[in-house]
Amino acid sequence: MQNISPQKFFLYARKSTDVEDKQVRSIEDQITELRAYAKTEGLNIVEEFIEKQSAKIPGRPIFSEMTKRIEQGDANGILAWHPDRLARNSVDGGLLIFLLDSGKLAGLKFPTFWCENTSQGKFMLNIAFGQSKYYVDSLAENTKRGLRQKVRRGEYPSLAPIGYLNDSRTKTVVVNKKCASLIRKAFELYAQNNSRLEDISNFLAQSGVYSKNGKRLHRDRISFILSNPFYYGHFRYADEIHEGKHQPVVSKKIFDKVQEVLKQRGKPKTKGKVEKPFVGLLHCDECGRMITAEIQKGHTYYRCTKKNIVCSQPYVREEELDRQLSSLLQKFSLRPNWAAGLREMLEKDKVDAAQFSTTFVQESREKILAIIMKLQRLLDGYLEQDIERETYRFEKSKLLSEKKSLEDQSTRLEQKLTGWLEPMTEWIKEAESLPKIAQGSNLFEKKVAAEKLFGSSLVLVNREARLRAPSGEDSSGQNQWAALCAAHELALKKPSSFILVRRGGFEPP
Ligand SMILES: [Zn+2]
(Lines give C-alpha, C1' and ligand atoms only; values in the text may rest on other atoms or scores of the structure.)
Protein backbone atom coordinates (compact mmCIF):
# COMPACT_ATOMS: atom_id res chain seq x y z
CA MET A 1 0.00 0.00 0.00
CA GLN A 2 2.78 2.40 0.79
CA ASN A 3 4.32 4.20 -2.11
CA ILE A 4 7.69 5.17 -0.69
CA SER A 5 10.11 7.44 -2.49
CA PRO A 6 11.28 8.00 -5.24
CA GLN A 7 7.72 9.42 -5.52
CA LYS A 8 7.60 13.18 -4.99
CA PHE A 9 4.35 14.71 -3.76
CA PHE A 10 2.71 18.08 -4.05
CA LEU A 11 0.43 18.91 -1.17
CA TYR A 12 -2.73 20.68 -2.31
CA ALA A 13 -5.21 22.35 0.03
CA ARG A 14 -8.21 24.32 -1.07
CA LYS A 15 -11.26 25.95 0.42
CA SER A 16 -13.47 28.59 -1.13
CA THR A 17 -15.94 30.91 0.50
CA ASP A 18 -18.74 29.45 -1.67
CA VAL A 19 -21.70 27.58 -0.29
CA GLU A 20 -20.55 24.20 -1.55
CA ASP A 21 -17.42 24.40 0.66
CA LYS A 22 -19.27 25.36 3.81
CA GLN A 23 -18.85 21.91 5.36
CA VAL A 24 -15.20 21.56 4.32
CA ARG A 25 -12.44 21.98 6.89
CA SER A 26 -10.41 25.16 6.93
CA ILE A 27 -7.20 25.32 4.91
CA GLU A 28 -5.12 25.27 8.11
CA ASP A 29 -6.92 22.11 9.28
CA GLN A 30 -6.40 20.48 5.90
CA ILE A 31 -2.66 21.28 5.92
CA THR A 32 -2.16 20.05 9.49
CA GLU A 33 -3.95 16.82 8.71
CA LEU A 34 -2.14 16.29 5.40
CA ARG A 35 1.28 16.90 6.94
CA ALA A 36 0.57 14.38 9.68
CA TYR A 37 -0.69 11.92 7.10
CA ALA A 38 2.43 12.39 4.95
CA LYS A 39 4.59 11.75 7.97
CA THR A 40 2.90 8.48 8.94
CA GLU A 41 2.75 7.32 5.31
CA GLY A 42 6.31 8.38 4.67
CA LEU A 43 5.39 10.61 1.75
CA ASN A 44 7.96 12.97 0.35
CA ILE A 45 6.29 16.39 0.09
CA VAL A 46 8.30 18.69 -2.18
CA GLU A 47 5.96 21.67 -2.16
CA GLU A 48 2.65 22.89 -0.75
CA PHE A 49 -0.01 24.58 -2.85
CA ILE A 50 -2.79 26.56 -1.25
CA GLU A 51 -5.81 27.83 -3.13
CA LYS A 52 -8.78 29.87 -2.01
CA GLN A 53 -11.01 29.48 -5.02
CA SER A 54 -13.99 27.45 -6.00
CA ALA A 55 -13.30 24.39 -8.14
CA LYS A 56 -16.63 24.66 -9.89
CA ILE A 57 -15.20 26.20 -13.02
CA PRO A 58 -11.83 25.44 -14.61
CA GLY A 59 -9.08 28.03 -14.44
CA ARG A 60 -7.78 28.04 -10.85
CA PRO A 61 -4.31 29.67 -11.10
CA ILE A 62 -2.62 27.63 -8.34
CA PHE A 63 -4.10 24.37 -9.60
CA SER A 64 -2.95 25.20 -13.16
CA GLU A 65 0.56 25.99 -11.96
CA MET A 66 0.67 22.75 -10.02
CA THR A 67 -0.41 20.59 -12.97
CA LYS A 68 2.09 22.38 -15.24
CA ARG A 69 4.86 21.57 -12.78
CA ILE A 70 3.73 17.94 -12.76
CA GLU A 71 3.90 17.83 -16.56
CA GLN A 72 7.46 19.18 -16.25
CA GLY A 73 8.27 16.32 -13.89
CA ASP A 74 8.75 18.31 -10.67
CA ALA A 75 6.54 15.85 -8.84
CA ASN A 76 4.57 12.73 -9.68
CA GLY A 77 2.04 12.58 -6.88
CA ILE A 78 -0.56 14.81 -5.26
CA LEU A 79 -1.72 14.71 -1.68
CA ALA A 80 -5.08 16.31 -0.98
CA TRP A 81 -7.76 15.97 1.65
CA HIS A 82 -10.43 14.62 -0.73
CA PRO A 83 -10.83 14.35 -4.53
CA ASP A 84 -13.34 17.21 -4.43
CA ARG A 85 -10.48 19.52 -3.30
CA LEU A 86 -8.79 18.83 -6.64
CA ALA A 87 -11.70 19.02 -9.01
CA ARG A 88 -15.34 19.93 -9.05
CA ASN A 89 -15.55 20.23 -12.81
CA SER A 90 -15.08 17.73 -15.59
CA VAL A 91 -12.20 19.60 -17.30
CA ASP A 92 -9.91 19.58 -14.25
CA GLY A 93 -10.98 16.06 -13.34
CA GLY A 94 -10.24 14.91 -16.87
CA LEU A 95 -6.80 16.53 -16.79
CA LEU A 96 -5.86 14.63 -13.63
CA ILE A 97 -7.03 11.34 -15.14
CA PHE A 98 -5.05 12.16 -18.28
CA LEU A 99 -1.91 12.83 -16.19
CA LEU A 100 -2.41 9.47 -14.50
CA ASP A 101 -2.96 7.77 -17.87
CA SER A 102 0.14 9.35 -19.40
CA GLY A 103 2.24 8.33 -16.41
CA LYS A 104 3.13 11.90 -15.37
CA LEU A 105 1.23 11.20 -12.16
CA ALA A 106 2.02 7.98 -10.40
CA GLY A 107 -0.72 8.37 -7.87
CA LEU A 108 -2.98 10.59 -5.85
CA LYS A 109 -3.24 10.30 -2.09
CA PHE A 110 -6.12 11.27 0.12
CA PRO A 111 -6.53 10.61 3.82
CA THR A 112 -10.21 10.17 3.22
CA PHE A 113 -10.05 8.31 -0.10
CA TRP A 114 -7.73 5.70 -1.50
CA CYS A 115 -6.60 5.74 -5.13
CA GLU A 116 -3.79 4.19 -7.13
CA ASN A 117 -2.74 4.50 -10.74
CA THR A 118 -4.57 1.39 -11.75
CA SER A 119 -7.68 1.09 -13.84
CA GLN A 120 -9.61 0.40 -10.67
CA GLY A 121 -8.08 3.43 -8.96
CA LYS A 122 -8.89 5.71 -11.87
CA PHE A 123 -12.37 4.35 -12.04
CA MET A 124 -12.86 5.23 -8.37
CA LEU A 125 -11.37 8.64 -8.92
CA ASN A 126 -13.63 9.29 -11.87
CA ILE A 127 -16.56 8.53 -9.68
CA ALA A 128 -15.27 10.81 -6.95
CA PHE A 129 -14.82 13.68 -9.40
CA GLY A 130 -18.16 12.84 -10.92
CA GLN A 131 -19.81 12.95 -7.54
CA SER A 132 -18.25 16.32 -6.84
CA LYS A 133 -19.50 17.65 -10.11
CA TYR A 134 -22.91 16.15 -9.48
CA TYR A 135 -22.89 17.79 -6.09
CA VAL A 136 -22.24 21.22 -7.62
CA ASP A 137 -24.80 20.73 -10.35
CA SER A 138 -27.45 19.56 -8.00
CA LEU A 139 -26.76 22.33 -5.52
CA ALA A 140 -27.57 25.01 -8.08
CA GLU A 141 -30.48 22.99 -9.35
CA ASN A 142 -31.75 22.30 -5.86
CA THR A 143 -31.79 25.94 -4.94
CA LYS A 144 -33.93 26.74 -7.95
CA ARG A 145 -36.00 23.62 -7.58
CA GLY A 146 -36.44 24.31 -3.89
CA LEU A 147 -37.90 27.71 -4.64
CA ARG A 148 -40.15 26.33 -7.34
CA GLN A 149 -41.39 23.59 -5.06
CA LYS A 150 -42.02 26.11 -2.36
CA VAL A 151 -44.07 28.15 -4.80
CA ARG A 152 -45.94 25.05 -5.91
CA ARG A 153 -46.76 24.25 -2.31
CA GLY A 154 -48.17 27.75 -2.02
CA GLU A 155 -45.32 29.06 0.11
CA TYR A 156 -43.97 32.48 -0.64
CA PRO A 157 -40.23 32.05 -1.28
CA SER A 158 -39.26 35.61 -0.59
CA LEU A 159 -39.25 38.38 1.98
CA ALA A 160 -42.64 38.71 3.65
CA PRO A 161 -44.60 41.87 2.77
CA ILE A 162 -45.49 44.38 5.45
CA GLY A 163 -48.04 42.88 7.86
CA TYR A 164 -46.36 39.49 7.66
CA LEU A 165 -43.19 37.97 9.06
CA ASN A 166 -40.81 35.32 7.81
CA ASP A 167 -40.79 32.60 10.44
CA SER A 168 -37.22 31.35 10.23
CA ARG A 169 -38.07 28.28 12.29
CA THR A 170 -40.83 26.94 10.05
CA LYS A 171 -39.55 28.73 6.93
CA THR A 172 -43.03 30.07 6.28
CA VAL A 173 -44.69 33.45 6.15
CA VAL A 174 -46.89 34.21 9.16
CA VAL A 175 -49.22 37.06 10.01
CA ASN A 176 -47.82 39.84 12.15
CA LYS A 177 -51.06 40.31 14.07
CA LYS A 178 -50.83 43.92 15.14
CA CYS A 179 -49.44 45.21 11.88
CA ALA A 180 -51.78 43.07 9.77
CA SER A 181 -54.87 44.48 11.45
CA LEU A 182 -53.63 47.98 10.61
CA ILE A 183 -53.07 46.96 7.00
CA ARG A 184 -56.60 45.57 6.95
CA LYS A 185 -57.90 48.88 8.29
CA ALA A 186 -55.95 50.69 5.59
CA PHE A 187 -57.68 48.54 2.94
CA GLU A 188 -61.08 49.19 4.48
CA LEU A 189 -60.40 52.88 4.76
CA TYR A 190 -59.31 53.17 1.17
CA ALA A 191 -62.25 51.09 -0.07
CA GLN A 192 -64.60 53.79 1.24
CA ASN A 193 -63.23 56.04 -1.47
CA ASN A 194 -62.74 59.17 0.56
CA SER A 195 -59.07 58.86 1.41
CA ARG A 196 -56.04 59.67 -0.68
CA LEU A 197 -52.95 57.45 -0.69
CA GLU A 198 -51.28 60.12 1.45
CA ASP A 199 -54.09 59.82 4.01
CA ILE A 200 -53.47 56.07 4.21
CA SER A 201 -49.77 56.76 4.68
CA ASN A 202 -50.61 59.20 7.49
CA PHE A 203 -52.96 56.72 9.08
CA LEU A 204 -50.28 54.02 9.07
CA ALA A 205 -47.62 56.40 10.35
CA GLN A 206 -49.86 57.49 13.21
CA SER A 207 -50.40 53.85 14.06
CA GLY A 208 -46.67 53.23 14.03
CA VAL A 209 -46.24 51.54 10.66
CA TYR A 210 -43.17 52.93 8.91
CA SER A 211 -40.80 51.81 6.22
CA LYS A 212 -37.67 49.87 7.16
CA ASN A 213 -35.61 53.03 7.49
CA GLY A 214 -38.13 54.61 9.81
CA LYS A 215 -39.75 56.96 7.31
CA ARG A 216 -43.41 57.30 6.53
CA LEU A 217 -44.46 55.10 3.63
CA HIS A 218 -44.44 56.86 0.28
CA ARG A 219 -47.69 57.01 -1.65
CA ASP A 220 -46.21 54.71 -4.33
CA ARG A 221 -45.47 52.18 -1.64
CA ILE A 222 -49.05 52.47 -0.35
CA SER A 223 -50.32 51.94 -3.86
CA PHE A 224 -48.10 48.86 -4.14
CA ILE A 225 -49.39 47.49 -0.84
CA LEU A 226 -53.01 48.09 -1.76
CA SER A 227 -52.61 46.24 -5.04
CA ASN A 228 -50.60 43.30 -3.72
CA PRO A 229 -52.67 40.10 -4.11
CA PHE A 230 -50.68 38.65 -1.21
CA TYR A 231 -53.12 40.24 1.21
CA TYR A 232 -56.07 38.19 -0.03
CA GLY A 233 -54.14 34.95 -0.22
CA HIS A 234 -52.43 34.82 -3.62
CA PHE A 235 -48.95 35.90 -4.48
CA ARG A 236 -46.95 37.00 -7.46
CA TYR A 237 -43.78 35.08 -8.22
CA ALA A 238 -41.78 35.24 -11.45
CA ASP A 239 -44.57 37.29 -13.02
CA GLU A 240 -47.12 34.65 -12.23
CA ILE A 241 -49.96 34.53 -9.74
CA HIS A 242 -49.93 31.59 -7.35
CA GLU A 243 -52.33 30.45 -4.70
CA GLY A 244 -50.69 30.96 -1.33
CA LYS A 245 -50.94 28.97 1.85
CA HIS A 246 -50.54 31.98 4.08
CA GLN A 247 -53.41 33.49 5.99
CA PRO A 248 -55.14 36.31 4.08
CA VAL A 249 -55.48 39.69 5.73
CA VAL A 250 -58.37 41.01 3.64
CA SER A 251 -61.21 39.39 1.72
CA LYS A 252 -61.15 39.27 -2.04
CA LYS A 253 -64.22 41.47 -2.00
CA ILE A 254 -62.51 44.31 -0.15
CA PHE A 255 -59.43 43.87 -2.31
CA ASP A 256 -61.45 44.15 -5.50
CA LYS A 257 -63.19 47.23 -4.19
CA VAL A 258 -59.82 48.80 -3.44
CA GLN A 259 -58.63 48.00 -6.97
CA GLU A 260 -61.67 49.80 -8.32
CA VAL A 261 -60.95 52.86 -6.22
CA LEU A 262 -57.28 52.80 -7.18
CA LYS A 263 -58.24 52.69 -10.83
CA GLN A 264 -60.75 55.47 -10.44
CA ARG A 265 -58.41 57.69 -8.47
CA GLY A 266 -55.41 56.81 -10.57
CA LYS A 267 -56.85 58.74 -13.49
CA PRO A 268 -54.94 61.92 -14.28
CA LYS A 269 -56.05 64.59 -11.87
CA THR A 270 -56.67 68.22 -12.50
CA LYS A 271 -55.16 70.75 -10.17
CA GLY A 272 -57.10 71.99 -7.17
CA LYS A 273 -59.23 68.87 -6.85
CA VAL A 274 -60.03 69.64 -3.23
CA GLU A 275 -61.81 72.90 -4.04
CA LYS A 276 -63.87 71.26 -6.77
CA PRO A 277 -65.58 68.39 -4.97
CA PHE A 278 -68.18 67.57 -7.63
CA VAL A 279 -65.77 67.15 -10.52
CA GLY A 280 -66.12 63.74 -12.11
CA LEU A 281 -69.60 63.19 -10.72
CA LEU A 282 -71.82 64.40 -13.54
CA HIS A 283 -72.00 64.19 -17.30
CA CYS A 284 -73.33 66.80 -19.65
CA ASP A 285 -76.73 65.66 -20.86
CA GLU A 286 -76.37 67.39 -24.20
CA CYS A 287 -73.02 66.06 -25.39
CA GLY A 288 -72.11 63.39 -22.85
CA ARG A 289 -68.80 64.99 -21.82
CA MET A 290 -67.71 65.17 -18.18
CA ILE A 291 -68.66 68.13 -16.05
CA THR A 292 -65.60 70.00 -14.85
CA ALA A 293 -65.14 73.07 -12.69
CA GLU A 294 -63.27 76.32 -12.58
CA ILE A 295 -62.85 79.00 -9.98
CA GLN A 296 -63.74 82.56 -10.86
CA LYS A 297 -63.65 85.43 -8.39
CA GLY A 298 -63.88 83.09 -5.42
CA HIS A 299 -66.78 81.08 -6.78
CA THR A 300 -66.66 77.60 -8.20
CA TYR A 301 -68.51 77.07 -11.45
CA TYR A 302 -69.32 73.71 -12.96
CA ARG A 303 -69.58 73.30 -16.68
CA CYS A 304 -69.35 70.84 -19.57
CA THR A 305 -65.74 70.26 -20.68
CA LYS A 306 -66.97 70.73 -24.28
CA LYS A 307 -63.95 68.86 -25.47
CA ASN A 308 -63.71 68.90 -29.28
CA ILE A 309 -67.37 69.64 -29.53
CA VAL A 310 -69.88 72.45 -29.71
CA CYS A 311 -72.19 72.35 -26.72
CA SER A 312 -74.64 75.01 -25.61
CA GLN A 313 -74.85 74.07 -21.93
CA PRO A 314 -74.32 76.95 -19.46
CA TYR A 315 -72.34 77.14 -16.19
CA VAL A 316 -73.83 76.39 -12.82
CA ARG A 317 -72.56 77.69 -9.49
CA GLU A 318 -71.41 75.25 -6.84
CA GLU A 319 -73.94 76.50 -4.29
CA GLU A 320 -76.76 75.78 -6.68
CA LEU A 321 -75.44 72.36 -7.65
CA ASP A 322 -74.99 71.53 -3.97
CA ARG A 323 -78.61 72.42 -3.26
CA GLN A 324 -79.83 70.21 -6.09
CA LEU A 325 -77.67 67.24 -5.20
CA SER A 326 -78.71 67.53 -1.57
CA SER A 327 -82.37 67.40 -2.47
CA LEU A 328 -81.68 64.39 -4.73
CA LEU A 329 -79.96 62.62 -1.86
CA GLN A 330 -82.84 63.51 0.42
CA LYS A 331 -85.19 61.73 -1.95
CA PHE A 332 -83.34 58.48 -1.38
CA SER A 333 -83.19 58.63 2.36
CA LEU A 334 -84.78 56.07 4.59
CA ARG A 335 -87.30 57.22 7.17
CA PRO A 336 -86.50 56.05 10.72
CA ASN A 337 -89.76 54.08 11.04
CA TRP A 338 -89.12 52.38 7.68
CA ALA A 339 -85.64 51.44 8.82
CA ALA A 340 -87.04 49.86 11.99
CA GLY A 341 -89.53 47.84 9.96
CA LEU A 342 -86.88 46.66 7.55
CA ARG A 343 -84.61 45.57 10.36
CA GLU A 344 -87.39 43.48 11.83
CA MET A 345 -87.97 41.79 8.50
CA LEU A 346 -84.28 41.15 8.11
CA GLU A 347 -84.29 39.08 11.25
CA LYS A 348 -87.14 36.94 9.93
CA ASP A 349 -85.49 36.47 6.58
CA LYS A 350 -82.30 35.13 8.13
CA VAL A 351 -84.02 31.77 8.40
CA ASP A 352 -84.94 31.68 4.72
CA ALA A 353 -81.44 32.79 3.84
CA ALA A 354 -80.03 29.52 5.10
CA GLN A 355 -81.79 27.56 2.37
CA PHE A 356 -80.90 30.05 -0.25
CA SER A 357 -77.21 29.99 0.49
CA THR A 358 -77.02 26.21 0.53
CA THR A 359 -78.08 26.20 -3.10
CA PHE A 360 -75.70 29.00 -3.84
CA VAL A 361 -72.75 27.25 -2.26
CA GLN A 362 -73.44 24.13 -4.25
CA GLU A 363 -73.56 26.08 -7.48
CA SER A 364 -70.30 27.85 -6.84
CA ARG A 365 -68.67 24.58 -5.91
CA GLU A 366 -69.55 23.29 -9.35
CA LYS A 367 -68.19 26.45 -10.92
CA ILE A 368 -64.96 26.08 -8.97
CA LEU A 369 -64.57 22.51 -10.16
CA ALA A 370 -65.04 23.69 -13.73
CA ILE A 371 -62.32 26.30 -13.24
CA ILE A 372 -59.93 23.72 -11.77
CA MET A 373 -60.43 21.62 -14.88
CA LYS A 374 -59.84 24.63 -17.10
CA LEU A 375 -56.63 25.37 -15.20
CA GLN A 376 -55.48 21.80 -15.71
CA ARG A 377 -56.21 21.95 -19.43
CA LEU A 378 -54.44 25.28 -19.64
CA LEU A 379 -51.37 23.84 -17.95
CA ASP A 380 -51.47 20.81 -20.26
CA GLY A 381 -51.69 23.10 -23.27
CA TYR A 382 -48.78 25.13 -21.98
CA LEU A 383 -46.63 22.08 -21.26
CA GLU A 384 -47.46 20.71 -24.72
CA GLN A 385 -46.31 24.09 -26.01
CA ASP A 386 -49.63 24.70 -27.73
CA ILE A 387 -49.99 27.88 -25.69
CA GLU A 388 -47.57 30.80 -25.48
CA ARG A 389 -46.15 31.66 -22.07
CA GLU A 390 -47.75 35.10 -22.10
CA THR A 391 -51.20 33.70 -22.86
CA TYR A 392 -50.71 31.03 -20.22
CA ARG A 393 -49.84 33.54 -17.54
CA PHE A 394 -52.66 35.86 -18.46
CA GLU A 395 -55.31 33.15 -18.58
CA LYS A 396 -54.02 31.53 -15.43
CA SER A 397 -54.19 34.68 -13.38
CA LYS A 398 -57.69 35.36 -14.73
CA LEU A 399 -58.92 31.89 -13.78
CA LEU A 400 -57.27 32.03 -10.37
CA SER A 401 -58.84 35.36 -9.66
CA GLU A 402 -62.26 34.01 -10.65
CA LYS A 403 -61.74 30.95 -8.53
CA LYS A 404 -60.71 33.00 -5.54
CA SER A 405 -63.77 35.19 -5.88
CA LEU A 406 -66.02 32.14 -5.97
CA GLU A 407 -64.28 30.53 -3.03
CA ASP A 408 -64.52 33.71 -1.05
CA GLN A 409 -68.19 34.06 -1.86
CA SER A 410 -69.06 30.56 -0.85
CA THR A 411 -67.02 30.53 2.34
CA ARG A 412 -68.63 33.79 3.29
CA LEU A 413 -72.05 32.30 2.75
CA GLU A 414 -71.13 28.96 4.19
CA GLN A 415 -69.90 30.54 7.38
CA LYS A 416 -72.64 33.03 7.90
CA LEU A 417 -75.45 31.70 5.72
CA THR A 418 -76.44 35.31 5.61
CA GLY A 419 -74.12 36.77 3.01
CA TRP A 420 -76.54 39.33 1.71
CA LEU A 421 -77.98 40.35 5.07
CA GLU A 422 -74.82 42.17 5.97
CA PRO A 423 -74.86 44.51 2.96
CA MET A 424 -78.57 44.97 3.48
CA THR A 425 -78.01 46.06 7.06
CA GLU A 426 -75.20 48.26 5.83
CA TRP A 427 -77.49 49.74 3.23
CA ILE A 428 -80.20 50.52 5.78
CA LYS A 429 -77.60 52.31 7.82
CA GLU A 430 -76.42 54.21 4.76
CA ALA A 431 -79.88 55.16 3.60
CA GLU A 432 -80.70 56.27 7.10
CA SER A 433 -77.65 58.52 7.24
CA LEU A 434 -78.44 60.26 3.95
CA PRO A 435 -80.51 63.11 5.41
CA LYS A 436 -77.63 64.05 7.66
CA ILE A 437 -75.22 64.06 4.71
CA ALA A 438 -77.68 65.97 2.53
CA GLN A 439 -78.20 68.64 5.17
CA GLY A 440 -74.54 68.84 6.06
CA SER A 441 -71.85 70.97 4.51
CA ASN A 442 -69.28 68.33 3.59
CA LEU A 443 -69.46 68.42 -0.19
CA PHE A 444 -67.01 65.60 -0.67
CA GLU A 445 -69.16 63.35 1.49
CA LYS A 446 -72.10 64.26 -0.71
CA LYS A 447 -70.15 63.36 -3.79
CA VAL A 448 -69.21 59.97 -2.38
CA ALA A 449 -72.82 59.28 -1.44
CA ALA A 450 -74.08 60.43 -4.83
CA GLU A 451 -71.54 58.28 -6.64
CA LYS A 452 -72.68 55.29 -4.66
CA LEU A 453 -76.34 55.94 -5.32
CA PHE A 454 -76.37 57.13 -8.87
CA GLY A 455 -73.19 55.76 -10.40
CA SER A 456 -72.71 57.40 -13.76
CA SER A 457 -76.34 58.27 -14.33
CA LEU A 458 -76.14 61.81 -12.96
CA VAL A 459 -76.40 64.40 -15.70
CA LEU A 460 -76.42 68.16 -15.84
CA VAL A 461 -78.89 69.85 -18.16
CA ASN A 462 -79.80 73.54 -18.20
CA ARG A 463 -78.15 74.14 -14.83
CA GLU A 464 -80.04 71.26 -13.30
CA ALA A 465 -78.65 68.01 -11.91
CA ARG A 466 -80.90 65.04 -12.50
CA LEU A 467 -80.86 61.34 -13.14
CA ARG A 468 -80.61 60.18 -16.71
CA ALA A 469 -83.92 58.61 -17.76
CA PRO A 470 -83.57 54.84 -17.96
CA SER A 471 -83.36 53.76 -21.59
CA GLY A 472 -85.88 51.28 -22.96
CA GLU A 473 -87.32 48.43 -20.94
CA ASP A 474 -84.07 47.66 -19.19
CA SER A 475 -84.83 47.42 -15.51
CA SER A 476 -81.37 46.38 -14.40
CA GLY A 477 -80.79 49.86 -13.07
CA GLN A 478 -83.60 49.32 -10.61
CA ASN A 479 -81.71 48.66 -7.47
CA GLN A 480 -82.80 49.08 -3.89
CA TRP A 481 -82.20 52.81 -4.19
CA ALA A 482 -84.64 53.13 -7.06
CA ALA A 483 -87.13 51.08 -5.08
CA LEU A 484 -86.65 53.39 -2.15
CA CYS A 485 -87.23 56.47 -4.26
CA ALA A 486 -90.41 54.92 -5.70
CA ALA A 487 -91.51 54.08 -2.19
CA HIS A 488 -91.30 57.74 -1.24
CA GLU A 489 -93.74 58.59 -4.00
CA LEU A 490 -96.08 55.75 -3.10
CA ALA A 491 -95.89 56.66 0.55
CA LEU A 492 -97.71 59.86 -0.27
CA LYS A 493 -100.71 57.69 -1.13
CA LYS A 494 -100.28 54.66 1.16
CA PRO A 495 -98.99 54.84 4.70
CA SER A 496 -97.41 51.36 4.61
CA SER A 497 -93.79 50.96 5.67
CA PHE A 498 -93.11 47.95 3.53
CA ILE A 499 -93.81 49.25 0.06
CA LEU A 500 -90.31 48.65 -1.19
CA VAL A 501 -90.35 44.97 -0.39
CA ARG A 502 -90.87 42.61 -3.32
CA ARG A 503 -93.51 39.91 -3.11
CA GLY A 504 -90.96 37.18 -2.44
CA GLY A 505 -89.22 39.06 0.33
CA PHE A 506 -86.27 41.29 -0.35
CA GLU A 507 -83.49 38.78 -0.67
CA PRO A 508 -81.48 39.17 -3.88
CA PRO A 509 -83.21 37.75 -6.97
ZN1 LIG B 1 -71.86 69.38 -23.14
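Two residues are taken to be in contact if their C-beta atoms, placed from the backbone, lie within 7 Å. The model is a predicted one, so local features need pLDDT of at least 70 and side-chain atom pairs count only at pLDDT 80 or more, while totals for chains, interfaces and linings use all residues. Residues are numbered from 1 along each chain as its sequence is written.

Of its 509 residues, 26% are buried. Here a residue is buried if 20 or more other C-beta atoms lie within 10 Å of its own, exposed if 12 or fewer, and partly exposed in between, with the C-beta atoms placed from the backbone. Taking contacts between residues at least 6 apart in sequence, 64% link residues at least 24 apart.

Four strands make an open sheet in the order 2-1-3-4, with parallel pairing. Strand 2 (44–51) and strand 4 (107–109) are at the edges with a single partner strand each, so one side of each has no neighbour in the sheet. From one strand to the next, the twist averages 25 degrees. Seven bridges hold strand 1 (residues 8–14) and strand 2 together in the parallel sense, and strands count as paired if DSSP finds at least two bridges between them. Tyrosine 12 has phenylalanine 49 of strand 2 as its bridge partner. Helix 1 (residues 27–41) lies across strand 1, strand 2 and strand 3 (77–80), at about 155 degrees to strand 1. Helix 2 (residues 61–71) also packs on the sheet, where it touches strand 1 and strand 2, and its direction makes about 155 degrees with that of strand 2. For these angles, axes are lines fitted to C-alpha atoms (for helices, over the stretch in contact), and values run from 0 to 180 degrees between N-to-C directions.

Further along, there is a hairpin. Strand 5 (residues 164–167) and strand 6 (residues 172–175) run antiparallel and are joined by four bridges, with leucine 165 opposite valine 174 in strand 6. Four residues sit between the two strands, and lysine 171 in this hairpin takes a positive phi near 55 degrees.

Helix 6 (residues 177–191) has 15 residues and spans 21 Å from its first C-alpha to its last, close to the 21 Å expected at 1.5 Å a residue; the expected span is 1.5 Å times one less than the number of residues. Its buried residues are Ala180, Leu182, Ile183, Ala186, Phe187, Tyr190 and Ala191. Strand 6, helix 7 (197–206), helix 8 (219–226) and helix 9 (252–266) are among the elements that cover them. Just after helix 6, asparagine 193 has a positive phi of about 60 degrees.

Then there are the cores. The largest nonpolar core contains 28 residues, and Phe278, Leu282, Leu329, Ala450 and Ala465 have the most contacts inside it. Such a core is a set of buried Ala, Val, Leu, Ile, Met, Phe, Trp, Tyr and Cys residues joined through C-beta atoms within 7 Å. At least two residues of this core come from each of strand 10 (291–296), strand 11 (299–304), helix 10, helix 11 (336–383), helix 13 (421–439), helix 14 and strand 13 (458–461). Setting aside neighbours within four places in sequence, leucine 282 is in contact with Ile291, Leu458, Val459, Leu460 and Ala465. A second, separate core has 26 residues, including Ile162, Tyr231, Tyr232 and Val250.

In helix 14 (residues 443–454) sits glutamate 451, which is partly exposed with 15 C-beta neighbours inside 10 Å. Glutamate 451 and phenylalanine 278 are 173 residues apart in sequence but 9.9 Å apart in space, C-alpha to C-alpha.
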